[in-house]
Amino acid sequence: MTIPQAIEQYIDHQRSLGMKFSSPAVVLRSFARAAGDASPGTLNTEQVHAFLFSGGTSPQTARQKWSTLRGFYRFAVARQIAATSPLPVRMPRASQCLLPYIYTDAEIHTLIQAVGLQPLSKLQPHTMQAILFLLYGAGLRIGEAVRLVMADVDLINRVLNIRLSKFYKDRLVPMGDALALALQAYTSTRHYLGHSDADDAPFLVCDKGDPISVQLADQAFRRLCKVAQVRRQDGGRYQPRLHDLRHSFAVHRLIAWYKEDADVNLMLPRLSAYLGHFQLSCTQRYLTMTPELLQQASTRFEAFSRPEEIHG
């Protein structure tokens, strides 16, 4: 069996377990192209190392590729497709992990206002605003947002129908009043511009009515951040990303619950379900400890540890 054949078998196996496995599949198929018709047991460590660091790949990206290949070779060895793994035993650690950027309320407002300051492009200002509202107002992933069709956006009952998210799970996402009004305005604009209102028509569209790609949205957002002058000031390597709007939604929701004196332990599973997470631990990784979140958590702990001072 060749490496390309074994890799396709591994991808099919992972997807049969309910995983989309999109990004790992890209890495694995790139490895398959580099390996050609070689069998899994014929490559040596030097050849694999060359693939991992090809094209000046950063240590972090190389480590991610290594982790993906490690899963494949575990699969191959367990099924006797390969006798051993040719992967390097150790990989250099990435110098800095990706720390999500949590936008302030003022920065969110600035980004929304700055949309109108950009020159017209394929992704029009009213559509870029709708993307911001969906990611920050409903905590969607950008992939979920661009896959929405008209039938998925129920403005009467104020519900978003998110189909085939991670692990191929569907979920219903209720909308607040502000988000519903914003999406109603966007819907009116796209109708005025002559875009299709058919149930299966993409909800978020380019200037010609075509669906929006994740790449296009990411590129437009990077330009928007420059116009709005929203950038990291903490020396972090990674500049604010579109996906960080979803992280900000989660953190700001938790802060609001603390301020409302809600039972956060009870509310976290609900937040997890709302975000479409498979496990609560996935949600916990979203909750970056910002100064405001730390302050609210400390205040709650202080009230818990010294109730006699609070209630007299």
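**Figure 1. Leu160 and its bridge partner Val173 in strand β3.** In this predicted model, local features require pLDDT of at least 70 and side-chain atom pairs count only at pLDDT 80 or more, whereas totals for chains, interfaces and linings use all residues. Residues are numbered from 1 along each chain as its sequence is written, and side-chain values use heavy atoms, with hydrogens and water left out. Strand β2 (residues 159-162) pairs with β3 in the antiparallel sense over 4 bridges; pairing requires that DSSP find at least two bridges between two strands. Strands (E, at least two residues) and helices (H or I, at least four) are DSSP runs, numbered from the N terminus. The open sheet has 3 strands in the order β1-β2-β3, with antiparallel pairing. Because β1 (153-154) and β3 (171-174) each have a single partner strand, they stand at the edges, and one side of each is left without a neighbour in the sheet.

Figure 2. A polar atom of the Asp244 side chain lies 3.4 Å from the backbone nitrogen of Tyr101. Leaving aside residues up to four places away in sequence, Asp244 touches Pro100, Tyr101, Tyr103 and Gln239, where contact means heavy atoms within 4.5 Å.

**Figure 3. The aromatic pair of Tyr103 and Phe221.** Ring centres of Phe, Tyr and Trp (its six-membered ring) must lie within 6.5 Å to pair; planes under 30 degrees apart count as stacked, over 60 as edge-to-face and the rest as tilted. The rings of Tyr103 and Phe221 are edge-to-face, at 6.4 Å centre to centre with 85 degrees between the planes. Tyr103 lies in the loop between α4 (59-78) and α5 (105-114), and Phe221 in helix α9 (residues 214-228), so the pair ties together parts that are 118 residues apart in sequence. Tyr103 is buried at 0% relative accessibility, and Phe221 is buried at 1%.

**Figure 4. An aromatic cluster that includes Tyr10 and Phe21.** The count comes to 10 aromatic pairs. Tyr10 and Phe21 form an edge-to-face pair, because their ring centres are 5.6 Å apart and their planes stand at 85 degrees. Tyr10 belongs to helix α1 (residues 3-16) and Phe21 to the loop between α1 and α2 (22-35), 11 residues apart. Both Tyr10 and Phe21 are buried. One cluster is formed by Tyr10, Phe21, Phe31, Phe51, Phe72, Tyr73 and Phe75.

Technical notes:
Polar contact = N/O pair within 3.5 Å; in protein donor to acceptor, adjacent residues only side chain to side chain. Buried < 20%, exposed > 50% of the residue type's maximum accessible area, 1.4 Å probe, protein only.
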